[in-house]
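Please look over the sequence and the structure shown here. A short report follows.

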Amino acid sequence: MAQNQDRAEPDLRPLDVVLIGGGLANCCVALALAKFHPELRVALVEQSGGLGGNHTWCFHSADFEARGWSLLQAAVTQMWTEYDVRFPDRERTVPSAYGVITSQRLEGAVKAAWAPLASFEFMFHQSARLVESNRVVLQNGEELHAKWVLDARGPEQMALTDGRRLYQKFLGLELRLATPTSRSIPLLMDATVPQLDGFRFMYVLPFEPLRILVEDTYFSNTAELDLVALRKRTLDYVKSLGLEVSDVLREEVGVLPMPCQRTAEFSAESPLKLGYAGGWFHPTTGYSLPLAARVAQVFSQPLSAWRERLQELGSLHARQFRFAAFLNRLLFQGFKPEQRWNVFSRFYGFDEAMIARFYALRMTHSDRFRVLCGRPPRGLSLNPWQTGVSP
């Protein structure tokens with residue numbers, strides 16, 4: 001496999017696929033192409049020296065179909081059989097499997113899959129200056145020509161067309177503990193903490209008795225993060241659990257747009273926008289792994305079926321996306337920031353099958369009816385001006 005080769009003369013043979021960006025979305029596609037289309041000529045362009053960045057992606061077992069699971073199984077770092085949630089008025093253990101993929105594990109899986117394939121090339125320390133349907137011009141002036149161009153350069157490329165600026169933002173600390181934790185399953189939401197800057201909750205993944213990931217997460221009207229304050233809050237929370245920190249192993253920061261509506265349809269034409277920039281994520285939770293796996297499954301199909309399958313998937317996703325974005329609008333306009341936790345507490349009163357469909361972004365008409373009907377969450381206001389968000 002060639003990596004960053006010095007080309008004495010331009011290679012005029014067209015590539016089959018150019019992947020721009022080495023994050024989650026294109027890594028999933030890279031695994032699909034390696035497994036199902038090793039005969040293709042593929043290049044992956046990444047501005048850094050590695051794949052996956054510095055991220056932790058989580059998923060529910062119902063998020064994947066069998067083929068998607070087969071693609072990503074080698075990248076799965078850890079699985080648990082259930083998880084906890086906590087709210088001021090509710091605590092629950094949900095009997096649903098939950099897993100995690102780390103950047104390091106994902107990078108290893110992609111590199112291992114590409115290693116024996118001479119026509120699959122990584123182009124690290126390169127970035128795209130121009131992206132067209134069948135042509136990519138790199139910053140160094142080199143041109144790549146391909147039948148398919150997949151652009152997945154991240155959420156900073158995403159435009160919120162409705163003018164609202166609502167965000168999910170977080171600081172995560174991976175910690176080595178001096179005292180072991182007794183927690184053996186994830187705590188997905190602990191909303192018993194003070195409600196600051198919107199809906200706030202703590203998130204805990206127990207990798208090992210002496211190694212955990214703790215995230216301080218906010219569904220907020222602003223993108224600003226006071227990292228000094230968040231580090232202190234996170235460490236204070238860990239201390240409140242009776243745990244002593246030995247070392248901070250890693251820090252992870254994210255600021256993700258939360259759309260309140262979606263008007264554009266998902267394109268099935270090259271250049272194809274993938275990942276967050278292309279809208280392939282869950283608008284309410286920010287989870288992107290389930291959609292990345294579904295898109296990757298398209299590229300496991302015969303080449304002649306790619307466009308049709310993308311159109312079908314895009315149509316299905318657009319309908320789910322619009323409803324989830326509508327829920328965001330209700331959350332931000334219908335509740336004062338300090339009351340938003342009531343929405344999630346009510347949601348976790350539903351059965352685990354419906355909860356799983358929500359996270360997988362596969363809600364049925366019946367699910368939508370149940371979410372919108374019945375006794376509303378406490379704190380619902382019909383006056384959006386009381387919530388801090390313009391109508």
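## Model and terms

Axes are lines fitted to C-alpha atoms, for helices over the stretch in contact, and angles run from 0 to 180 degrees between N-to-C directions. Helices (H or I, at least four residues) and strands (E, at least two) are DSSP runs, numbered from the N terminus.

This is a predicted model, in which local features need pLDDT of at least 70, side-chain atom pairs count only at pLDDT 80 or more, and totals for chains, interfaces and linings use all residues. Residues are numbered from 1 along each chain as its sequence is written, and side-chain values use heavy atoms, with hydrogens and water left out.

## α6 beside α9

The axes of α6 and α9 cross at roughly 5° and come within 12 Å. The two helices α6 and α9 are therefore roughly parallel (angles under 35 degrees; over 145 is roughly antiparallel, 65 to 115 roughly perpendicular and the rest oblique).

Contact means heavy atoms within 4.5 Å. From α6 come Arg319, Gln320, Phe323, Phe326, Leu327 and Leu330; α9 supplies Arg368, Val371 and Leu372. Six of the residues in this contact of α6 with α9 are nonpolar, one is polar and two are charged. Here Ala, Val, Leu, Ile, Met, Phe, Trp, Tyr, Cys and Pro count as nonpolar, Asp, Glu, Lys and Arg as charged, and the others, Gly among them, as polar.

## α6 beside α5

Helix α6 also packs with α5, at an angle of about 155° and with the axes 9 Å apart. That makes α5 roughly antiparallel to α6. The crossing of α5 and α6 is right-handed (the near helix is turned clockwise from the far one by less than a right angle; anticlockwise is left-handed).

On the α5 side, the contact uses Leu291, Arg294, Val295 and Val298; on the α6 side, Trp306, Arg309, Leu310, Leu313 and His317. The classes are six nonpolar, one polar and two charged residues.

## The second largest pocket

The second largest pocket holds about 420 Å³ of space. A pocket is an open set of points on a 1 Å grid over the protein atoms alone, where a 1.4 Å probe fits, with protein on both sides within 12 Å along at least five of seven lines; lining residues have an atom within 4 Å of a point. Grid points are joined across faces, edges and corners, and the volume is the space filled by probe spheres set on the points.

The lining has 19 residues, and Arg294, Glu312, Leu313, Leu316 and Arg362 are the closest to the centre. Two or more residues each come from α5 (289-298), α6 (306-334) and α9 (365-372). Helix α6 gives the largest share, seven residues. By class, the lining has six nonpolar, six polar and seven charged residues.

## α1 beside α3

Helix α1 (residues 24-36) packs with helix α3 (residues 103-114) at about 30°, and their axes lie 9 Å apart. That makes α1 roughly parallel to α3. Their crossing is left-handed.

Leu24, Cys27, Ala30, Leu31 and Ala34 of α1 meet Leu106, Ala109, Val110, Ala113 and Trp114 of α3. The contact of α1 with α3 has 10 nonpolar residues, no polar and no charged ones.

## Two backbone details

Ser270 and Pro271 are joined by a cis peptide bond, with omega about 5°. Pro271 sits in the loop between β16 (245-257) and β17 (272-273).

Asp197 is not a glycine, yet has a positive phi of about 55°. Asp197 lies in the loop between β13 (187-190) and β14 (199-208).
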